[in-house]
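Subject: Structure for your reading

Dear colleague,

Please find the structure below.

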Amino acid sequence: MNLYSRKQRLKILLLFLALFIVGASVWYSNFIVNQIREEERLKVELWSEAVKKRLSLINYTEKLFDDMRREERLRVNIWARSMARLLLTEDNKEILFLQDIIVKNKTIPVLIVDENDRHITSRNFPEELDNKSQATIDSMVTAMGKLYEPVKIEFAGIRQRVFYKDSRLITDLEHTLDDLINSFISETVMNSGAVPVIFTDSSKAQVLLSANVDTAAFSDPATLSEKLDKLAASNEPIEVRFGDHVTNYIFYTESIILTTLRYYPYVQMVIIGLFLFIAYLIFSTFRNAEQNQVWVGMAKETAHQLGTPLSSLMAWVQLLEARGTDRDTITELNKDVHRLETITDRFSKIGAKPELKPTDLAAIMEQAAEYLKPRISKRVEILINAPKGENYEALLNESLFGWVLENLFKNAVDAMEGAGTITIDLTRDGNHQIIDISDTGKGIPAGKQKAVFQPGFTSKKRGWGLGLSLAKRIIENYHNGKIFVKKSEPDKGTTFRIVLKVGT
């Protein structure tokens, strides 16, 4: 297994590990959300049960008030009859009895008026009414008449009416009950904590109390109705009955904390992902800078190390030539020495900005093919398709570009296993020169056509996997061009495309 394959498997392993961590985080967060949601639902249901329990007490109290009012009505009737009888009887015992009944009414405010609503007598008012104006008496009669039907008294042709209102006992109990209801409603709503709650009347059009919601929506009936519909869709409203005929409603939804917690893992993933992406960019930049420094250092050191034996080889070639060695041998040796000079020059230029000159691509291709033919299998054919009359000049550094061609040719020969055809097609497209280098080899799988340019990627049992990576660096970093796999089919071959700027 080569370095690239190990790196790819490690990446896949880390990806699955990251997905597992993310999945576990989302699952656990959803588990907590469901637990809190259930707790909030139980809390609101508990409040609802508390509402019903306390309302049953309120309903019972209201029935008690009704009984007390009926009892007071009877007492007022008895009191009124006693007053009428007292004016007619002459029996001392009966008079004492009637006076006792009248005097014992110490709680119910009563007012007796004649046919013209003039004050006759009154009892249990904070102030005496004898000196009050008729307007005041009329106002009191009107107010008390709205509360209860007056008791009519008729005797000896005289007609009177008795007006009354609730006793202090009932009034105090009603105030206490109102305080209890208001306290209960406030407690019910406020005990919701962070849960958004709206308490409405029976028509669902008026908000009695609310908590943890935007009150701006309450002024517009349409907006309020829409808000209540959303809350009702979230949770079934709780009915709260006051008495026999009044039904109010509690609308509620999930708390802000619960909603925030629901989306927390996703926000957390985005933040962590963004942090990892930025960290990756930073470390990748540092790593590439370090690799470049190592690459440049090794290249220059290699050029320096090659310099000494290259100088000796040049001297030996001259010595052999002086001794009359075979001319063909000397020619081939000079080619190899020149080749070594080119390699040394290439390594020495790594890390420095190369000088780009307008160069004829057709000539470069011919030179590279001529050099390669004697050094590869004779069963490999190299074809160059460059229509005559076209200008194939491009801005490039001849030494470095030749390095790219050599790597591509060697890869093609290896892919064809020593037998096949390498075809070079030169075309021009506007301001770009296009070079297509095709072979008839075994092809590159679709999933690896981008990976072949990664350092360490190789399909050979022996090799560093640096040839295509170096070619990509030279074309894109030094020549501002592009190199990529144009097409590749299994067992049919591969076409690499190089795009360069036209020479000017």
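Strand E1 (residues 110-113) pairs with strand E2 in the antiparallel sense, and four bridges join the two. Two strands are taken to pair if DSSP finds at least two bridges between them. Strands (E, at least two residues) and helices (H or I, at least four residues) are DSSP runs, numbered from the N terminus. Within this pair, Val-113 stands opposite His-119 in E2.

Before going further, please note that this is a predicted model, in which local features need pLDDT of at least 70 and side-chain atom pairs count only at pLDDT 80 or more, while totals for chains, interfaces and linings use all residues. Residues are numbered from 1 along each chain as its sequence is written, and side-chain values use heavy atoms, with hydrogens and water left out.

E1 and E2 belong to an open sheet of four strands, in the order E2-E1-E4-E3, with antiparallel pairing. At its edges are E2 (119-123) and strand E3 (151-155), each of which pairs on one side only. On average, neighbouring strands of this sheet are turned by 20° against each other, direction ignored. Axes here are lines fitted to C-alpha atoms, for helices over the stretch in contact, and angles run from 0 to 180 degrees between N-to-C directions. Helix H3 (residues 134-147) lies across E1, E2 and strand E4 (158-164), and runs at about 120° to E1.

A further open sheet has five strands in the order E10-E12-E13-E15-E14, and its pairing is mixed. Strand E10 (380-385) and strand E14 (482-489) each have a single partner strand, so one side of each is left without a neighbour in the sheet. Neighbouring strands of this sheet are turned by 15° against each other on average, direction ignored. E10 pairs with strand E12 (residues 420-429) in the parallel sense over six bridges.

Which residue of E12 does Leu-383 stand opposite? The residue is Thr-423. Thr-423 counts as buried because its relative accessibility is 18%; buried means under 20% relative accessible area, exposed over 50%, and partly exposed in between (1.4 Å probe, protein chains only). Apart from neighbours within four places in sequence, Thr-423 is in contact (heavy atoms within 4.5 Å) with Leu-383, Asn-385, Asp-436, Ile-437 and Ser-438.

Helix H8 (residues 361-372) lies across E10, E12, strand E13 (432-438) and strand E15 (493-501), at about 170° to E10. Helix H9 (residues 398-416) lies across E10, E12, E13, E14 and E15, at about 140° to E12.

How do the two helices meet? Two packed helices are described by the angle between their axes and the distance between the axes. H8 and H9 pack at an angle of about 50°, and their axes are 10 Å apart. That angle makes H8 oblique to H9; angles under 35 degrees count as roughly parallel, over 145 as roughly antiparallel, 65 to 115 as roughly perpendicular and the rest as oblique. The contact involves Leu-361, Ile-364, Met-365, Gln-367, Ala-368 and Leu-372 of H8, together with Glu-398, Phe-401, Leu-405 and Phe-409 of H9.

For the chain as a whole, the secondary structure comes to 10 helices and 15 strands. Of its 504 residues, 37% count as buried.

Yours sincerely
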